[in-house]
Protein chains: 2
Amino acid sequence: MAKKVLKLGKAAVEMNDKQSGGEREPDEQEIVDRIYAAVMEQRLPPKTKLSEAKLCESFGVGRMRIRRALLLLASQGIVDLHSNRGAFVSCPDRREATDVFGARKHLESSIIREVAVNASAKNLDVLRNHVALEDAARQQNERREIIRLSGEFHVKLAEATGNMVLRRVVRELVTRTSLIIGLFGTSGGSSCPDHEHQDILDAIQDKDPDAAEALVRAHLEHIEADLNLATERDSQPDLVSILGL
Amino acid sequence: MAKKVLKLGKAAVEMNDKQSGGEREPDEQEIVDRIYAAVMEQRLPPKTKLSEAKLCESFGVGRMRIRRALLLLASQGIVDLHSNRGAFVSCPDRREATDVFGARKHLESSIIREVAVNASAKNLDVLRNHVALEDAARQQNERREIIRLSGEFHVKLAEATGNMVLRRVVRELVTRTSLIIGLFGTSGGSSCPDHEHQDILDAIQDKDPDAAEALVRAHLEHIEADLNLATERDSQPDLVSILGL
DNA sequence: TAAAAAATTATTGTAAACAATTTTGAATGT
DNA sequence: ACATTCAAAATTGTTTACAATAATTTTTTA
């Protein structure tokens, strides 16, 4: 059987070079970030097993770092740890999906109002620039980049409040949204509808909190509506129910 | 020097009885919960060093469980990990304090509106019962219990939405609020002003979202106003600045 | 005597060996 | 051919010993 190496960005290169001085060992946070990114970009689909041995090989670090990274990822709901069985990319169910969207509506509706009223010129620059990046990625059809930037737009909105706690909470919810889209997303309308981020930005620039809030709510509802929450792909493909008795 | 054992509830009893069959080993989550509770109730003030050895002794477990528990606590912002120096109960600064209160205003204002509109009879029962418990604790002057229940009221509000994601986020913010109160709280007005939870509950029972939201905002602002954010007790008591040159 | 330097101690970080559990695969019987 | 049982392999959980770092004490020196 061929040596299967998990694809985790530049970490996916062969790393049997512990003695070759060139590469430095990635620290805990870097491991978390790389796996995080891989999950966000849906290169690691839900239920993927993250075995310690393979991760050690991929990152070229000892088992301990990996285990700590996995624990941190689990605390953010990105992976699930099953005792004696290992770590798996988290597989949200319908309940979690609706809860995450519910939480985001509560939080982001309120955040957008503050941003629409208080955003500084610098904030607006950052947001404008970000939307431009999104457009560029869309025109070049870089799917992974589109997904990443779409999520990050919402993080940047939270960041515009200057409240780092808010930023962190939104970031976590956005990540889990990516997982959910990966699981339940219909192939057609992927992640964030094209122009809606631009519309939201316009409302902010008009300093119109009511319009901005309405747009954000609608935006989140569009994403949620694009999901197919009917089919429950929860456990293994579940041969029993597929093949009948 | 006397053997100093960290006071962590029932874990503080001597636990040199690994071979005596009676006690079971607390698992990871239990260790987290006990330290969490100790921090919430301000028995472990900020900047307290949590040495692995002492914790191992207190809980009667190996170093590994302790280290994992500390990592989880760090991921929730309850302790800070300093490389090669160990774990310390987190010491929020003014910036974090205002951010946490800001985040709570955003979240809880929105949550309370939903609860005021949609709360079930069962939800109301739970909340009424909880407020009664708070009253009882206040009348008996059980300070630790008052602190714990005051925080938990807000968690129960979030729980009333039925959204477990919201509940978790609010719970984390409430914990960090406890840390902040422990650091910056003035001795006089402790944690949550007496009757305000009852008032909020009344507004919910009246199904009056506007009143409920206003009360929650005011409530959070009262707590924040009771803090003394002027004095920066950041590092060690800092003998230099106290004793002058 | 006080400050600086060095050695000692204590504590955390890491790696390796070991134990326990789960998964896999083959052998057996119906 | 199918299911069951048992053994082997692989994977995770835990303990142990060791290395690296920070804190403390002692010694040295100005």
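The legends below accompany close-up views of a predicted model.

**View 1. The two protein chains and the axis that relates them.** When chain B is laid on chain A, the superposition has an RMSD of 0.0 Å and is reached by a turn of 180 degrees with a shift of 0.0 Å along the axis. The two copies are thus related as by a two-fold rotation axis. The same surface serves both copies, in that 100% of the contact residues of chain B recur in chain A. Of the residues of chain B, Leu107(B) is the one that comes closest to the rotation axis, its C-alpha atom lying at 2.8 Å.

**View 2. The side of chain B that touches chain A.** The contact draws 18 residues from chain B and 18 residues from chain A. On the side of chain B, the elements that give two or more residues are α3 (63–75), α4 (94–118) and α7, and the largest share, 9 residues, comes from α4(B). Sorted by class, this side of chain B has 10 nonpolar, 6 polar and 2 charged residues.

**View 3. Helix α7 of chain B.** Helix α7(B) covers residues 164–184, and at 1.5 Å a residue its 21 residues should span 30 Å, which agrees with the 30 Å that separates its end C-alpha atoms. The helix is mostly covered, since 18 of its 21 residues are buried by the criterion of 20 or more other C-beta atoms within 10 Å.

**View 4. The surroundings of Phe153 in chain B.** Phe153(B) is found in helix α6(B), which comprises residues 143–159. With 20 other C-beta atoms within 10 Å, Phe153(B) is buried. Leaving aside residues up to four places away in sequence, Phe153(B) touches His130(B), Glu134(B) and His197(B). Phe153(B) and Leu127(B) are 26 residues apart in sequence, while their C-alpha atoms are 7.5 Å apart in space.

**View 5. The hairpin of β2 and β3 in chain B.** Strand β2(B), residues 79–82, and strand β3(B), residues 86–89, pair in the antiparallel sense over 4 bridges. Within this pairing, Asp80(B) has Phe88(B) of β3(B) as its bridge partner. The hairpin has 3 residues between the strands, and Asn84(B) takes a positive phi near 65 degrees there.

**View 6. The open sheet of chain A.** In chain A, 3 strands form an open sheet in the order β1-β3-β2, with antiparallel pairing. The edge strands are β1(A), residues 49–50, and β2(A), residues 79–82, each of which pairs on one side only. Strands β1(A) and β3(A) run antiparallel and are joined by 2 bridges, and the bridge partner of Lys49(A) in β3(A) is Phe88(A).

**View 7. The protein surface near DNA strand C.** DNA strand C is surrounded by residues of both chains, including Gly62(A), Met64(A), Asn84(A) and Arg85(A), together with Ser51(B), Glu52(B), Ala53(B), Asn84(B) and Arg85(B). The residues of this surface divide into 2 nonpolar, 6 polar and 3 charged.

**View 8. The protein surface near DNA strand D.** Among the residues around DNA strand D are Ser51(A), Glu52(A), Ala53(A), Ser83(A) and Asn84(A), with Gly62(B), Arg63(B), Met64(B) and Arg85(B) also present. Helix α2(A), residues 52–59, and helix α3(B) each supply at least two residues of this surface. By class, the surface near DNA strand D has 2 nonpolar, 6 polar and 3 charged residues.

Technical notes. Residues numbered from 1 in each chain as written. Chains lettered and ligands numbered in written order. Predicted model: local features only at pLDDT ≥ 70, side-chain atom pairs only at ≥ 80, totals over all residues. Expected span 1.5 Å × (residues − 1). Buried ≥ 20, exposed ≤ 12 C-beta atoms within 10 Å, placed from the backbone. Least-squares fit on C-alpha atoms with pLDDT ≥ 70 in both. Contact = placed C-beta atoms within 7 Å. Nonpolar A, V, L, I, M, F, W, Y, C, P; charged D, E, K, R; others polar. Pairing = 2+ DSSP bridges. Near = placed C-beta within 6 Å.
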